[in-house]
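Reader: Could you take me through the labels used for this chain? I'd like to hear what stands behind each one.

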Amino acid sequence: MSATEASGVSQTVPRVAAIAIGRNEGARLVCCLMSLKDQVERLIYVDSGSTDGSLETAQNLGVELVELDTSQPFTAARARNAGYACLQGGEAPTFIQFLDGDCEVQPGWIETATAYLEAHPDVAVVCGRRRERFPDTTIWNRMIDAEWDSPVGEAKACGGDAMMRAAAFEDVGGYNPQLIAGEEPELCVRLRQAGWRIFRLDAEMTLHDAAMTRLSQWWRRSRRAGYAYAQGAAMHGRTPERHKVTETRRAILWGLIIPLVAVGGAITFGAFMWALLALYPVQILRLIWRGRPLAQAVFLTLGKLPEGLGVAEYWIKRLMRHEVRLIEYK
């Protein structure tokens with residue numbers, strides 16, 4: 001007897017599976033898996049080399065497990081693809097809820113997302129509002145919470161938490177496992193090129209726990225973003241939508257060109273070249289004028305420095321054919 005039959009639900013209800021991915025998420029993983037356990041017909045947890053007992057935790061909760069080979073570099077894209085491959089061992093689901101292990105699904109989201117996808121057969125992906133669990137703990141958590149607050153309606157991309165139509169995911173070959181970040185926007189580029197649509201719904205979707213309490217975490221996350229911008233632009237920057245080209249150019253200008261010209265110019269032509277650095281407080285004031293809080297304006301501006309380093313890191317590794325490694329911030 002199937003799970004659908006056992007629950008007494010009509011056989012016309014689409015099969016929904018969930019794939020959660022994680023690495024050393026601790027108590028956050030328990031919240032993640034428990035929020036999905038009774039809402040989907042199959043729940044798969046993919047672990048990327050955890051050493052905190054995450055595998056045992058998932059096993060005790062009765063979740064299907066996939067343990068990634070530690071001899072290959074970890075990426076979220078690789079983990080999600082591995083979860084999808086595991087799903088092929090049984091009856092294929094109609095929809096798949098992807099979820100990061102530091103997130104918790106909100107009540108009602110699965111039903112809302114499923115209903116929307118059923119009613120709109122040309123839509124491949126739906127996502128909703130992702131919120132930070134502790135937005136007031138640090139300025140970085142507040143910034144991430146604001147980052148998640150994107151417009152409702154048809155969208156160009158989703159994040160790591162999203163429900164996808166399995167047929168669409170299969171149609172474009174899933175995630176690109178070579179991407180260390182930005183794998184969801186890149187997947188959505190290919191989905192839209194194939195004629196599918198992406199929508200962000202006006203509904204609560206997940207709680208996320210960034211757990212970002214140190215400046216070094218913010219720096220690494222920003223550096224990873226710059227790397228992802230450069231990689232995304234290299235892959236799809238020549239398409240009509242110019243994927244991540246603007247973000248990459250901003251990172252290069254503010255994170256590399258201005259500081260290098262200021263420092264190099266000061267050494268060569270005199271101290272007056274340091275005046276170029278005045279562009280940063282001007283940019284901060286510009287963001288404040290546009291409604292950003294002071295602290296957010298400061299970190300958004302200074303964040304271009306690690307983003308610029310991330311762009312440079314991508315191109316250095318690409319040219320030297322170095323192995324790509326995940327940039328973790330927690």
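Author: What follows is a set of questions about the labels, each answered with a value and a cut-off. This is a predicted model, where local features need pLDDT of at least 70, side-chain atom pairs count only at pLDDT 80 or more, and totals for chains, interfaces and linings use all residues. Residues are numbered from 1 along each chain as its sequence is written, and side-chain values use heavy atoms, with hydrogens and water left out.

Reader: How do you know how confident the predictor is in the chain?

Author: From pLDDT, the predictor's confidence in each residue, from 0 to 100. The chain averages 90, and 94% of the residues score at least 70. Over residues 1-12, though, the pLDDT is below 50, and that stretch has eight contacts in the model beyond near neighbours in sequence; a contact means heavy atoms within 4.5 Å. Where pLDDT is low, the predicted coordinates should not be read in detail.

Reader: What makes Gly226 count as buried?

Author: Buried means under 20% relative accessible area, exposed over 50%, and partly exposed in between (1.4 Å probe, protein chains only). Gly226 has 0% relative accessibility, so Gly226 counts as buried. Gly226 sits in helix H9, residues 215-236; helices (H or I, at least four residues) and strands (E, at least two) are DSSP runs, numbered from the N terminus. Leaving out residues up to four places away in sequence, Gly226 touches Glu307, Gly310 and Val311.

Reader: Why is H9 called oblique to H13?

Author: The axes of H9 and helix H13 (residues 304-320) cross at roughly 50° and come within 6 Å. Axes are lines fitted to C-alpha atoms, for helices over the stretch in contact, with angles from 0 to 180 degrees between N-to-C directions. Under 35 degrees counts as roughly parallel, over 145 as roughly antiparallel, 65 to 115 as roughly perpendicular, and the rest as oblique. That crossing angle therefore makes H9 oblique to H13. By class, their contact has eleven nonpolar, four polar and five charged residues. Ala, Val, Leu, Ile, Met, Phe, Trp, Tyr, Cys and Pro count as nonpolar, Asp, Glu, Lys and Arg as charged, and the others, Gly among them, as polar.

Reader: And what makes H12 and H13 roughly parallel?

Author: Helix H12 (residues 294-302) packs on H13 at an angle of about 25°, with their axes 5 Å apart. The angle is under the parallel cut-off, so H12 and H13 are roughly parallel to each other. Leu300, Thr301 and Leu302 of H12 make the contact with Lys304, Leu305 and Pro306 of H13. Those residues divide into four nonpolar, one polar and one charged.

Reader: Why is Arg321 called exposed?

Author: Its relative accessible area is 77%, which puts Arg321 past the exposed cut-off. Arg321 lies in the segment after H13 and has a positive phi of about 55° although it is not a glycine. Most residues other than glycine have a negative phi.

Reader: What makes Ala211 count as partly exposed?

Author: With 25% relative accessibility, Ala211 falls in the in-between range, so partly exposed is the label. Ala211 lies in the loop between strand S9 (197-208) and H9, and has a positive phi too, of about 50°.

Reader: Last one: how do you know whether Ser54 is buried or exposed?

Author: Ser54 has 3% relative accessibility and so counts as buried. Ser54 is in helix H3, residues 54-60. Leaving aside neighbours within four places in sequence, Ser54 is in contact with Asn24, Glu25, Gly26, Leu29, Tyr45 and Asp47.
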